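Dear colleague,

I am passing on the structure below, together with some notes on what came out of going through it. Please read the notes with the model open beside them.

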Amino acid sequence: TNSKKAGRRASAKKADKGDKDGKGDAGGSKEPKDLAPPPTPLPGPGPDFDMSRAMSEGHDAVDDIQPEDWDALKSLFKPQPNVMATVACTFIFLNHTAPPSWDETKKLLNDSRVVLTRLKDFGTFDSSKITTADLAKARQQLTLPEMSRAVLASKSPAAARLLHWCVSMYDIGVHKTGWEAPPDPVSVSPTKDAGGGEPEDGHTAATKIQSRERGRRARKSTMKGGGGKGKGAAAGKGPSAKSDS
């Protein structure tokens, strides 16, 4: 087992070096190729889920984070949403809650030795502490757009490996607790109208709703005003008709 891990890490270093020398991204690394195939897509582990393997993969993903990639992650001024979501998910598992801001997150990331050690050992020693509330909060982050290692690798190689760790811990947590994720909320955007028109964004849809509401109120107000005038006219006609007779 140790020889296999050593072989994978050697391959990872070689692959990362090739990426930097060739078509490497701005961060100097690409998606980790030494790891096993991506974890089971959400909402959780499949019927053949191997918890020991998930623990090992989570450990190896963190173990393969290069120091320079970790430094690049914690030095980001305003990370992309998918990077922030990945780091938030990481601390949801570690501390049951995400830091309130990126500035607070950076303070936690500064203590890299402690954080990385906790991440490596978490699957084996602390995964039993994962609660269903943790899983629900983590899932909110993991199902956001562009949450894939391939996309994250171009933004932050460290975040790409953290994402692998997060999904591994999510699968372990679901497996241990038996938690079932609720159905995903129906998205309002994009939508098509009943006539099969073009998709519209949420702002356009909300504007249409507000416009219809204003029109309804205007019609209601007109009807009230018209009703009062009608009664007055009817009252005026009564005496006139009587006097004529």
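The model is a predicted one, and the mean pLDDT of the protein chain is 73, with 57% of its residues reaching 70 or more.

On the cysteines, the count of disulfides comes to zero. C89 is in no disulfide, since the nearest cysteine sulfur, which belongs to C166, lies 3.8 Å away, while a disulfide would need the two sulfur atoms to be within 2.5 Å. For C166, likewise in no disulfide, the nearest cysteine sulfur is that of C89. C89 has a relative accessible area of 0% and is therefore buried, and C166, with a relative accessible area of 0%, is buried as well.

Turning to the helices, α6, which covers residues 112–126, packs with α9, which covers residues 157–177, at an angle of about 20 degrees and with the two axes 11 Å apart. Because angles under 35 degrees count as roughly parallel, α6 is described as roughly parallel to α9. The crossing in which α6 passes α9 is left-handed, and the contact is made by L119, F122 and G123 on the α6 side and by L162, W165 and M169 on the α9 side.

Key:
Residues are numbered from 1 along each chain as its sequence is written. This is a predicted model: local features need pLDDT of at least 70, side-chain atom pairs count only at pLDDT 80 or more; totals for chains, interfaces and linings use all residues. Side-chain values use heavy atoms; hydrogens and water are left out. pLDDT is the predictor's confidence in each residue, from 0 to 100. Buried means under 20% relative accessible area, exposed over 50%, partly exposed in between (1.4 Å probe, protein chains only). Axes are lines fitted to C-alpha atoms, for helices over the stretch in contact, and angles run from 0 to 180 degrees between N-to-C directions. Helices (H or I, at least four residues) and strands (E, at least two) are DSSP runs, numbered from the N terminus. Angles under 35 degrees count as roughly parallel, over 145 as roughly antiparallel, 65 to 115 as roughly perpendicular and the rest as oblique. A crossing is left-handed if the near helix is turned anticlockwise from the far one by less than a right angle, and right-handed if clockwise. Contact means heavy atoms within 4.5 Å.
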